[in-house]
Amino acid sequence: MTYLAKPKFHHPALPKNALGYTHRDYEGAVSTLCAGCGHDSITGAIIQACFELSIEPHRVAKISGIGCSSKTPTYFLGNSHGFNSVHGRMPSVLTGANLANRDLIYLGVSGDGDSASIGLGQFAHCLRRGVNMVYVVENNGVYGLTKGQFSATADRGSKSKRGVINTDNSIDLVAMALQLGASFVARSFSGDKQQLVPIITAAIAHKGAAFIDVISPCVAFNNHAGSTKSFDFVREHNESVNRLDFISSRMPIEVKYEPGTIEVVEQHDGSKLALRKLAADYDIHDRTAALGFLQHHAAKGQIVTGLLYVEDEAEDLHGHLRTVDAPLNALSEKELCPGQAMLDNFNASLR
Amino acid sequence: MPTANPISSVNDFVVRFANVNGSGSASANEMFARAVMRMGIPVAPRNIFPSNIQGLPTWYEVRVSEAGHLGARGGTDLMVAMNPQTFDKDIAGIEPGGYLLYDSTKPLPASKFRPDITVIGIPLTAICNREYTDPRQRQLFKNIIYIGALTALLDMDAKVVEQLIGEQYKGKDKLIEPNVKALHIGRDYAILNLQCPIGLRLKKADKVGDRIFIEGNSAAALGAVYGGATVCAWYPITPSSSLADAFTRHCAKLRVDPETKKAKYAIIQAEDELASIGMVIGAGWNGARAFTATSGPGISLMQEFIGLAYFAEIPAVLFDVQRAGPSTGMPTRTQQCDILSCAYASHGDTKHVLLFPEDPAEAFDFGALAFDLADRLQTPIFVMLDLDIGMNHRLCRPLAWDDFKKYDRGKVMTAEELEAGKDFGRYLDVDGDGIPYRTYPGTHPSKGSFFTRGTSRDQYAKYTEEGGAYVDNMQRLLRKFDTAKDLVPRPLQANAGKLTKYGVIYFGSTAPAMDEAIHMIEARGHTLDRLRVRAFPFHSSVNSFVAGHDFVFVIEQNRDAQLRSLIVNECGIDPVRLVPILHYDGTPITARFIAKAIGDHLDKLKVKPMKVVS
């Protein structure tokens, strides 16, 4: 971390997005995480994605649980409301917030301890409900704030900094998200901004439960030899299935691709995802095949990354519940209170 | 002839139905209670049921009281014993001179009965076997047949029951005729074969007035609808599940946009109570009115979140329909046993607002009020129901709403105020009442955003672990709690006709029993001033009430005198001055119990009665 206050001024020639905001308008407070922490790269990617999408910064609600990852919402989107809630309980708080106002963008930030250990239940249930959100797990396989204990995503056989070998099986949140019905599932690596930024961008544009597992090495406790979540290990074992380019409905497709290697996916809001397929046999619309692909590669010690599954026209929780278009928190007495006349009828029916 | 004089009473007795759970008896028994009400006689039914779906014993007790006593009375004057499993115990519970109605299809030896009661046998099974071939019909119509017999035995107008059958099966009209037929099979059998009426009789009266007959959970849920709740997140738990069910039902009728058919509400059956309260807090944080309905074990699971909502100052409403604990305890029995676990819920220093409704009408009022209080005070509000209020039909005043009333959304800073440059400090006590302003997420592009956290922060919501800032904030939370004292419903005091040194404090579902007991206590020559506490934090009148009396009895339905502890702790009162009167066997407290406990206590203290009744 740095002790220097971040200067408020910026270069006048900084590029602006469609709303006239610069990159700086999407930043938050200075990070208090360790220098080199993977989480800070994810923060940077979120800032970049929101800038590129020209989101009004205050229309995002950032909600997190407890842990290093859950601290990061302070470090981006300084003009958004944030909620650092209870360990493992971000999904329920976010679900309630989303029900209250469907018009905001919900960004849930969690960690592997927060989502795979203490919060596994809430992780599962919010995905199966189809809450319209971006659910980012900053996954380092370790508890940082309490000094390096294994989390439930730590691979069996991996070694802690103190030399302890993990004997428990690991939980693969991506496989679970697929099984639970998340309508957008991706995995990326904090050290691969080229891959991560378009995935976050596409997840924000997605309507439904979008889950992104981001392997994010812990420089303090899980970046040593023997760890399977270190920078070196992930770089060596990364098996990327595709590279993504996000094209919002406002942008023309300018990028030229090799014919036959591109798959274009149109999302609910009109945005398009251009996928450069790296694994020729990989179909991002096949949930079952995705699970098989993941497990097949995991058995070989490979970490599959990229956009792994997307359901183009998913229905979210508000769709299931058939709620009104207006945010529930904006309804007044007139719309909510049936008044004495209805009560008279009710009383009469009870005599 | 029985050895005791048969009880003779008009419009003042207790009928108890002993049935097997899942046999369809509940709706027939409820119809009987409704018929009594329709005859203009106040009635108080209570469902005593096991934690079971089918097969275990269940009872339905109907207290008929022209005088209007709606608390449980204790004892049974007429036992309708339809459950062989509990036959012996049921007979033992009949008052001397009471009556037994039983199925006499299979002859029973005289030793199965008591000499001091009137035994009335009807061969119900034989009648059903003769009349019906379908086993399910034999079972269901048996219930209606005994109701039919009761109309003759108690001298009721059968037309009242016929009308209720018509209303109950409206829309399923082909069920009306067979039910009416069954009713008359029973009635005719009784008229032809039995001495009708017995000493217990029902006579038309005009003592019901415009009162309604409703369960507390349904009324509380309707209060949530009227109070503007839009988000409900809950997890099934007896005895609170019917509150969420009722909210769902009320919303389907009252909260669907007539044009688009879309819902102006969102209800989530969560995966557990932690998620329920998390959703409520997320919705409250985001400016919607949200609640959960639960019982004691659910409150235990919600502890961590409740502390967050207290410290981060997020509105939330919790309906706690209390049941006997600890652990699974007696999940289908009533108690007032979560007072302390709610008042001080969570780790660290916390205090929460509790409301204590006495009946469904107040459950409606407080159910709606809770949302105004939650928004005004930016904190969790607990509506403390119990199984006795929540799951039983209770006669109460009609529900009323002021159409000119506006919701109190509390201190919320708007985009206009922020734009105009008004200083926004999320935890800044600008008005001296301990209540800061908040903003809803998404209000303004560059002003008014803040970070909500359970960690200590300064007045502008900036993270700090500096001791002074922490203490300031905790002190402000106390000031806010002080402000609440004048916002919550005040205690209601009823003074004895003459000056007395003794008082009694009670709350919630104890009210009808206490109202009745006071007459019995007075008849024993003692006088008492009464104070019904309706909320925590306690209004100053609780202190002055205790100060104004030598001794004050505190009546509660728990073992540990939890409200008494709360009064001692929060009002700084010498515990010796508060005498606990405790009833906690899972049955609703009765006037007989209260009158005896207080009467005996006053006698033991060698109190010289101010009035002796010969």
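How many bridges join β3(B) to strand β4 (residues 57–65) of chain B, and do the two run parallel or antiparallel? In this predicted model, six bridges hold the pair together, and the strands run antiparallel. Strand β3 itself, which spans residues 43–48 of chain B, is mostly covered, with five of its six residues buried.

Seven strands of chain B make up an open sheet with mixed pairing, in the order β11-β10-β12-β13-β15-β14-β21. The edges are taken by β11 (266–269) and β21 (535–536) of chain B; each has a single partner strand, so one side of each is left without a neighbour in the sheet. For β21(B), a pairing is formed with strand β14 (residues 353–355) of chain B, through two bridges and in antiparallel fashion. Here L355(B) stands opposite A535(B).

F246(A) and L275(A) are 29 residues apart in sequence, while their C-alpha atoms are 8.7 Å apart in space.

Helix α9 (residues 287–299) of chain A shows how two sides of one helix can be told apart. At 1.5 Å a residue, its 13 residues should span 18 Å, and the end C-alpha atoms are 19 Å apart, which agrees. Its buried residues are A290(A), F293(A), L294(A) and H297(A). These cover an arc of only 100 degrees around the axis, which means that they sit on the same side of α9(A). On the other side of the helix, T288(A), Q295(A) and A299(A) are exposed. The cover over the buried residues of α9(A) includes α6, β7 (184–189), β9 (238–240) and β13 (303–310) of chain A.

Charged side chains provide another set of links. Over all chains, a search of the whole structure finds 50 salt bridges. One of them joins D155(A) and K229(A), with N to O at 3.5 Å. This pair links distant parts of the chain, 74 residues apart: D155(A) is in the loop between β6 (149–150) and α6 (173–180) of chain A, and K229(A) is in the loop between β8 (209–215) and α8 (231–237) of chain A. D155(A) counts as partly exposed, at 25% relative accessibility, whereas K229(A) is buried, at 6% relative accessible area.

In chain B, R524(B) forms a salt bridge with D603(B), and their closest N and O atoms are 2.8 Å apart. R524(B) lies in the loop between α17 (511–523) and β20 (529–532) of chain B and D603(B) in helix α20 (residues 591–604) of chain B, so this pair ties together parts that are 79 residues apart in sequence. R524(B) is partly exposed at 32% relative accessibility, and D603(B) is partly exposed at 39%. R73(B) and D77(B) form another salt bridge, with 2.9 Å between the closest N and O atoms, and both residues are buried. A network of salt bridges links R289(B), D372(B), D375(B), K405(B), R409(B) and R438(B).

One further buried residue of chain B is S509(B), with a relative accessible area of 3%. S509(B) is found in the loop between β19 (502–506) and α17 of chain B. Not counting residues up to four places away in sequence, its contacts include Q336(B), P357(B), D386(B) and Q557(B).

Conventions: Residues are numbered from 1 along each chain as its sequence is written. Chains are lettered from A and ligands numbered from 1 in the order in which they are written. This is a predicted model: local features need pLDDT of at least 70, side-chain atom pairs count only at pLDDT 80 or more; totals for chains, interfaces and linings use all residues. Side-chain values use heavy atoms; hydrogens and water are left out. Buried means under 20% relative accessible area, exposed over 50%, partly exposed in between (1.4 Å probe, protein chains only). Helices (H or I, at least four residues) and strands (E, at least two) are DSSP runs, numbered from the N terminus. Two strands pair if DSSP finds at least two bridges between them. A salt bridge is a side-chain nitrogen of Lys or Arg within 4 Å of a carboxyl oxygen of Asp or Glu. The expected span of a helix is 1.5 Å times one less than its number of residues. The arc is that of the directions from the helix axis to the C-beta atoms. Contact means heavy atoms within 4.5 Å.
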